Amino acid sequence: MEVPIPFTGESIDTGDDKTSIVLTVGGVAAGFAVLAMVQDLGSNAYQSANSFVTNYTGFTLGGDDSGGQGGV
Amino acid sequence: MPRELTHDPTYRNTGDKEPIPVGEFEQDTVKAGSEVTFWSKQVGQDQVLWHGHGREDREYAEAFVGLDVVASGNGTGTAGDEIDGKLVLAITDSDQRRVLASATLDTLQQLRDTLAESRTDRIIEAILGPYAKPGRHLEVRIDADPSSDGAEVDPSASSGNLYYTRVSN
């Protein structure tokens, strides 16, 4: 069976092998799951850094516990 | 002994990107072998500030900079002469007497040449640590070459900008 790929003018011949279709769909789903997880980790790191700075500007004059170079 | 300003990846996604247009520079005279301050900003009591902004890898960098600093003609040289030397970024104390951290960003020649390139090919001024605490000053200085000694900077005829990062409480 020919499955068109949107906007590209190309198509994929999926044949009669339903297993490969299931694997492809499963692979794409797993890829999105990993992407979502990585985005979440990045967001947490960003929030962590900002939280440290916000604590600082709230006059919690702490040491260099952020892993960064601190301030002068 | 002042600390060295270097890229601090911890804060690469932090804060607001603020421009330093060369038009905000003081109209002052450069001196060969001496750092003269042309722009400064005192850190507010509810802020911390960094020189530069964002990441240093070109694909994700945000602060592409360049400067063309020219003379007014009031000092040595004539109006429009290119001023050469080193561009120094510094953090000083509340009296602007003691340098707490500094680094040379690049030469004014390189910063001038980079303006001819497309924006994303220009010199990157990534966020530099340590940050400046409340009461300190961010400063931009010029350490002029002997060929430019005594020239007065004309901010209105110069072009380009640098960046700093601000986080407010």
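Strand β6 of chain B is mostly covered, with four of its five residues buried; strands here are DSSP runs (E, at least two residues) and helices likewise (H or I, at least four residues), numbered from the N terminus. Buried denotes under 20% relative accessible area, exposed over 50%, and partly exposed the range in between (1.4 Å probe, protein chains only). The model is predicted, and local features require pLDDT of at least 70, side-chain atom pairs count only at pLDDT 80 or more, and totals for chains, interfaces and linings use all residues. Residues are numbered from 1 along each chain as its sequence is written, chains are lettered from A and ligands numbered from 1 in the order in which they are written, and side-chain values use heavy atoms, with hydrogens and water left out.

Strand β6(B) runs antiparallel to strand β9 (residues 123–124) of chain B, to which two bridges join it; two strands are taken to pair if DSSP finds at least two bridges between them. In this pairing, Val65(B) stands opposite Ile123(B) of β9(B). Strand β6(B) is also joined to β12(B) by three bridges, again in the antiparallel sense, and there Leu67(B) faces Gly160(B).

A separate description applies to the open sheet of chain B, in which five strands follow the order β1-β8-β7-β11-β4 with mixed pairing. Strands β1 (3–4) and β4 of chain B stand at the edges with a single partner strand each, so one side of each lacks a neighbour in the sheet. Within the sheet, β7(B) and β8(B) are paired antiparallel over seven bridges, and Leu87(B) has Asp106(B) as its bridge partner in β8(B).

Leu87(B) also belongs to the largest nonpolar core, which has 38 residues; Leu87(B) and Leu162(B) are those with the most contacts inside it. A nonpolar core is a set of buried Ala, Val, Leu, Ile, Met, Phe, Trp, Tyr and Cys residues joined through side-chain atoms within 4.5 Å. Elements of chain B that give two or more residues to this core include β4 (36–42), β6 (64–68), β7 (85–92), α1 (108–113) and β12 (159–168). Beyond its neighbours within four places in sequence, Leu162(B) is in contact (heavy atoms within 4.5 Å) with residues including Val65(B), Leu67(B), Leu87(B), Leu89(B), Leu105(B) and Val140(B). Another core, of six residues, lies apart from the largest one and has among its members Tyr11(B), Ile127(B), Tyr131(B) and Val167(B). In soluble globular proteins, nonpolar side chains tend to be buried together.

Not counting residues up to four places away in sequence, His137(B) touches residues including Lys41(B), Gln42(B), Ile91(B), Asp93(B) and Gln96(B).

Over all chains, the structure holds nine salt bridges, each defined as a side-chain nitrogen of Lys or Arg within 4 Å of a carboxyl oxygen of Asp or Glu. One of them joins the side chains of Arg141(B) and Glu35(B) at 3.0 Å, N to O. Because Arg141(B) lies in strand β11 and Glu35(B) in the loop between β3 and β4 of chain B, the pair ties together parts that are 106 residues apart in sequence. Arg141(B) is buried at 11% relative accessibility, whereas Glu35(B) is partly exposed at 36%. A salt bridge between Lys86(B) and Asp143(B) has an N to O distance of 3.9 Å. Lys86(B) lies in β7(B) and Asp143(B) in β11(B), so this pair ties together parts 57 residues apart in sequence. Lys86(B) is partly exposed at 37% relative accessibility, and Asp143(B) is buried at 14%. Asp68(B), Glu82(B), Asp84(B) and Arg112(B) are linked in a network of salt bridges.

Ser34(B) is placed in the loop between β3 (16–21) and β4 of chain B and is partly exposed, with a relative accessible area of 29%. Leaving aside neighbours within four places in sequence, Ser34(B) is in contact with Ile142(B), Asp143(B) and Ala144(B).

Chain A has one helix and two strands, which run β-β-α from the N terminus on. Of its 72 residues, 17% are buried.
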